[in-house]
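User: Could you take a close look at one part of this protein for me? I'd like to know what sits on the inside there and what surrounds it.

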Amino acid sequence: AVVSTQSGHNGRGAMLAATSQKSCMRAPQSSRFLSDKDSSFGDAVIEYTPYEKNSEFIVPSYPTRTDESDKRLRARLLYQSRKRGISENCLILSTFFAEQGGSLSREMLDQFDRLINLADSDWDIYYWMTGKDVPPPPFDNEILSMLQEFTQNKDMQDRTRQPDL
């Protein structure tokens with residue numbers, strides 16, 4: 001399975017590759033980079049391989065963090081919602097999560113986690129939230145419906161600044 005990125009940790013155009021579930025194994029805590037082609041990402045190891053034109057594009061499975069506390073999960077999601085690829089998503093996702101994140105169930109937190117970490121592109125997320133495009137089944141869920149309503153901003157709230165961490 002292969003996912004495209006603008007550039008890898010090595011500075012060259014690269015692809016994320018997860019050829020099997022075994023390739024997303026737990027990284028030793030002392031190891032940041034296992035080799036020139038491996039990188040640790042949280043607790044998962046992701047191997048980079050060069051992009052080949054006309055290659056198959058498949059999103060790899062996202063490593064579920066079952067041992068993460070709700071408090072740590074909320075802190076991570078707030079941070080990740082602020083650090084997106086486009087400013088519009090930074091504003092929408094971070095203000096949404098700052099307002100709603102404290103009251104979301106674990107299932108809703110997991111949906112939000114998968115949405116912001118599995119979607120191909122931030123532009124896809126933006127188009128789904130604004131209703132410009134129909135999301136595929138894995139992302140067409142309750143959290144996205146909440147984000148779509150939030151994005152409409154019917155109360156005309158000022159959402160031009162990201163919330164503090």
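Analyst: Let's take helix 2, whose buried residues are Asn89, Cys90, Ile92, Leu93, Ser94, Thr95, Phe96 and Phe97. Keep in mind that this is a predicted model. The cover over those buried residues includes helix 1 (70–82), helix 3 (106–118), helix 4 (122–130) and helix 5 (142–152). As for its length, helix 2 runs over residues 87–100, and at 1.5 Å a residue those 14 residues should span 20 Å; the end C-alpha atoms are 20 Å apart, so the two agree.

Now for one of those neighbours, helix 4. Its buried residues are Asp122, Ile125, Trp128 and Met129. Looking down the axis of helix 4, you'd find them within an arc of 125°, so they line one face of the helix. The buried residues of helix 4 pack against helix 2, helix 3 and helix 5.

The two ends of helix 4 are worth a look too. At its start, a side-chain oxygen of serine 121 comes to within 2.9 Å of the backbone nitrogen of tryptophan 123. After helix 4 comes glycine 131, with a positive phi near 80°.

Last, helix 5, another part of the cover over helix 2. In the segment after helix 5 you'll find asparagine 153. With a relative accessible area of 15%, asparagine 153 falls under the 20% cut-off, so it counts as buried. Its side chain reaches the backbone oxygen of glutamine 157 at 2.9 Å.

How values were computed: Residues are numbered from 1 along each chain as its sequence is written. This is a predicted model: local features need pLDDT of at least 70, side-chain atom pairs count only at pLDDT 80 or more; totals for chains, interfaces and linings use all residues. Side-chain values use heavy atoms; hydrogens and water are left out. Helices (H or I, at least four residues) and strands (E, at least two) are DSSP runs, numbered from the N terminus. The expected span of a helix is 1.5 Å times one less than its number of residues. Buried means under 20% relative accessible area, exposed over 50%, partly exposed in between (1.4 Å probe, protein chains only). Contact means heavy atoms within 4.5 Å. The arc is that of the directions from the helix axis to the C-beta atoms. A polar contact is a pair of N or O atoms within 3.5 Å; within protein, one must be able to donate a hydrogen and the other to accept it, and residues adjacent in sequence count only if both atoms are side-chain atoms.
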